[in-house]
Amino acid sequence: MRLSPLILLFTFAYLAFVLFAHLDDHQLEIYDEARRSVNAIEMAKGESHFLVPTYAGEADHWGTKPPILVWCQAFWVKVLGPGELPIRLPSVIATLVLCGLFTWWARKDWGSPLVGALASLVLVSNWHFMGNHGARSGDFDALLILFQMAQIICFYRWVDSGKTKWLWLAGLAVALAGWTKGVAGGFVLPGIGLWLLLFAEGRRRLLDPKLYGIIGLGIAVAVSYYFLRENVDPGYLQLVADNELGGRFNEATEGHQHPWYFYLSSLIKDPAGGIFFSLVLPAAVFSWYQPDLRKPAMLCLLAGLGALAIVSTSATKLYWYQSPALPPLAMLTGSFLYRLAKILAGNTPGQAGKWTGIALLAGLFAYPMSQIVERVLHPREYVETRYSKVPFRDFMRLEEQVQPPYTVATKNYNPNARFYVERARHAGHEVDIKQVGTINPPVVVSQRPPATFFVNERVVICHTETWKYLFDRFILKEEFRNGPCKLVKLTGERVRE
């Protein structure tokens, strides 16, 4: 049997393993992932307008992104019920489809489907991509980069073949990217524009009025969401202007201020130990001198670096903002690795040649892949949210000892706790959530003062602040304790002097 099918089979088996293994083992990350999960469960229950994700029964004015991700999550919540799995499945499926696109494009325009297989391995060997806001997370980014890579591929196919269907597909990808993460959906377009200027075929295409009509239509469809939502959620456009067009872009938020080379450093110093994105420059130089690679390689280089340049100008820098650059740069690097292995195999006499090439690739991938496998097999050890901050899920699962009815008490805003309360309610349990502090906009639309607790109410307490608040006001009778959490009964009001 030829080696190529075996390598492809191994690649996709490995991809399935690292994407699906222990996917629901760790609790939702407290902020973005958990908030999306609340959006999804409320939409799945029919409590929100399909254009307006809600949080705690109000329009979500803190997360202003368009709703494709929430739609996908709500669909899986309806199919599978609330949980970590349906919240993360859209990202996993998007990543698998993206790797399939790599392989298809590699077979069409890069000389071998193995280029796509190597690009896939480069992508999922990136430590950050396999963590929060990545392939295994209930966030926007995996869906976003799928549609962005589709833009790149379809533009290339249109220029190369002249078939208008590819331009229509590129326009569709622009629209879908916009309906996924707003302005970020267009981050690869400047690089694509530069690429069109670089080659004679591209410059000719720039004179084609269909380019402006179809891509303009795609952008118009993307922008249409904002006006449709403004119609049902007045004031939304101003929120977007403050959040997406200003806000984080103009001012560093929550201490996320880093130097301009933050993303370059992040790619080069991958915590998984891979050197793949360090090979972008030699890969680009090598590909420029390969006539059959020059055009697709320069497209990937310019699209990837263009996206990095845009996010690098933002005052707020978070590692997942680099995601749009990962697929095109992974494709460029995958092609380079394939050609290196092929050159090495061709210069090694006899049957040993192909095994020498495989040995080169195995040596480069072995360590980062082992690190990713370790992360996947023990996800709780690598979550960004400390367990002590969000212990609600594991405590609420102890159903023999923690039996409803009860109230989960939080300090203030805690979407993680809210999701697990909603999941318990979905299972038919009488569970409530209350906060001991004030929740202020913009995380909710209207200010929410401290909740009222009552004598004989049973309360789950997991943090010192909630314990102190209730201890000062009530006599507490402990019913069960596990880890940082306790189930207590408020047996009477404490006399306060």
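With a relative accessibility of 26%, E201 is classed as partly exposed (buried means under 20% relative accessible area, exposed over 50%, partly exposed in between, with a 1.4 Å probe and protein chains only). This is a predicted model, in which local features need pLDDT of at least 70 and side-chain atom pairs count only at pLDDT 80 or more, while totals for chains, interfaces and linings use all residues. Residues are numbered from 1 along each chain as its sequence is written, and side-chain values use heavy atoms, with hydrogens and water left out.

The side chain of E201 forms a salt bridge with that of K295, at 3.1 Å from N to O (a salt bridge is a side-chain nitrogen of Lys or Arg within 4 Å of a carboxyl oxygen of Asp or Glu). Helices (H or I, at least four residues) and strands (E, at least two) are DSSP runs numbered from the N terminus. K295 is buried because its relative accessible area is 18%.

## Confidence

The average pLDDT of the protein chain is 93, and 97% of the residues score at least 70 (pLDDT is the predictor's confidence in each residue, from 0 to 100). Among the elements of the chain, the lowest mean pLDDT, 83, belongs to helix 11 (residues 236-245), and the highest, 98, to helix 7 (residues 164-181).

## Other salt bridges

The count of salt bridges comes to 23. In one of them, R380 and D25 meet through their side chains at 3.5 Å, N to O.

Another salt bridge joins the side chains of R458 and E479, at 2.9 Å from N to O. R458 is in strand 5 (residues 458-461) and E479 in strand 6 (residues 474-482), so the pair ties together parts 21 residues apart in sequence. R458 counts as buried because its relative accessibility is 17%, whereas E479 is partly exposed, at 38%.

## Surface patches

L198, L281, V285, W288 and Y289 make a nonpolar surface patch of about 540 Å². Patches are made of residues with over 30% relative accessible area and no salt bridge, like charges being joined within 9 Å and nonpolar side chains (Val, Leu, Ile, Met, Phe, Trp, Tyr) within 5 Å. Accessible areas come from the Shrake-Rupley method with a 1.4 Å probe; for residues, only the protein chains shown count as cover. Helix 13 (residues 280-288) gives the most to the nonpolar patch, with 3 residues. V285 is located in helix 13 and is partly exposed, at 44% relative accessibility.

R107, K108, K163 and K165 form a positive surface patch (Lys and Arg count as positive and Asp and Glu as negative, with His and the chain ends not counted; a charge is placed at NZ of Lys, CZ of Arg, CG of Asp or CD of Glu). K108 is found in helix 4 (residues 84-110) and is partly exposed, with a relative accessible area of 40%.
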